[in-house]
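Biologist: I am new to this model and would like a close look at one part of the surface. Please go on from there to what lies inside.

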Amino acid sequence: TEVAPISYLNRLYGGDLAVLWLDAHGDLNTPATSPSHNFHGMPLRCLLGDGEISLVGQCFSTLMPSQVIMGGLRDTDPPEAAYIEENAISVLTVKDMENDAGAVSRLILDKGFNNVYVHIDLDVLDSGKCPWALCPTPDGMGTNALMALICDLKTKLNVVGISIVELWPKENMDIGPLGELVKICTDI
C-alpha cells in the first residue's frame, strides 16, 4: 500500500520528501533475496528503484537512499543489512527515538527536507505491550514514545502522509491504546 502514495508524493514534492520508515523489519528485500518471497518485505526496496522491474515501473518516481530514515529496526535479513550499509541509509534505534522524540525531526531537517511521509508498521511497537502487529517483534518502542515522535514531527515539518499498517487484532483484544495514535496521525 505504500508504493503508490510515497512515489506519488515524492514526484509531487520534487524529491523534497523524507520517508520515515518505522518498522522492526527492513522491507528492503528483492525477489532474489527474500526468504519468504512475500512482497510485504520488499516495498521500500521497490521505492528505491530496485526489485521486480514490473513493480518498480509502476512507481510515479523513485527515492534516493538519502531520503530514507529507518527507525526501530530489530529484525533484518543479511541482504537488507548489507543494502542499508552500502547505501548509507540513516537508521535510528528504538532507544534513540525513545530517549529523544526530536531526534527524527532534527535528522530530517539536517538532511535538508521540509516534507515527510511516515510509514508505521505496528511491529515497530514492543510486542509485549502492543500485541496488535501482524509480525510481532520484541524490544520495540512504546506507544507514548511513538506519539511523542509524531507530535514533534508535526510541529517542525510538513507531514504529508502517515500510514499505519499490519494491524492484526484478535478476538477480544483491547486495541484502545491505538485510538490515540490514530487520532494524532489523522490530524495532519
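Which residues make the nonpolar surface patch of about 290 Å²?

Modeller: This is a predicted model, in which local features need pLDDT of at least 70 and side-chain atom pairs pLDDT 80 or more, while totals for chains, interfaces and linings use all residues. Residues are numbered from 1 along each chain as its sequence is written, and side-chain values use heavy atoms, leaving out hydrogens and water.

The patch is made by Y8, L12 and F60. Patch residues have over 30% relative accessible area and no salt bridge; nonpolar side chains (Val, Leu, Ile, Met, Phe, Trp, Tyr) are joined within 5 Å, like charges within 9 Å. Areas come from the Shrake-Rupley method with a 1.4 Å probe, only the protein chains shown counting as cover. A salt bridge puts a side-chain nitrogen of Lys or Arg within 4 Å of a carboxyl oxygen of Asp or Glu. Y8 sits in helix α1 (residues 3-12), a DSSP run (H or I) of at least four residues; strands (E) need at least two. With a relative accessible area of 36%, Y8 is partly exposed, between buried (under 20%) and exposed (over 50%).

Inside, the largest nonpolar core has 33 residues, and I150 and L153 have the most contacts within it. Such a core joins buried Ala, Val, Leu, Ile, Met, Phe, Trp, Tyr and Cys through side-chain atoms within 4.5 Å. Helix α7 gives the most to this core, six residues. A second, separate core of 22 residues includes L44, C46, L73 and Y117. C46 counts as buried because its relative accessibility is 3%.

How values were computed: Buried < 20%, exposed > 50% of the residue type's maximum accessible area, 1.4 Å probe, protein only.
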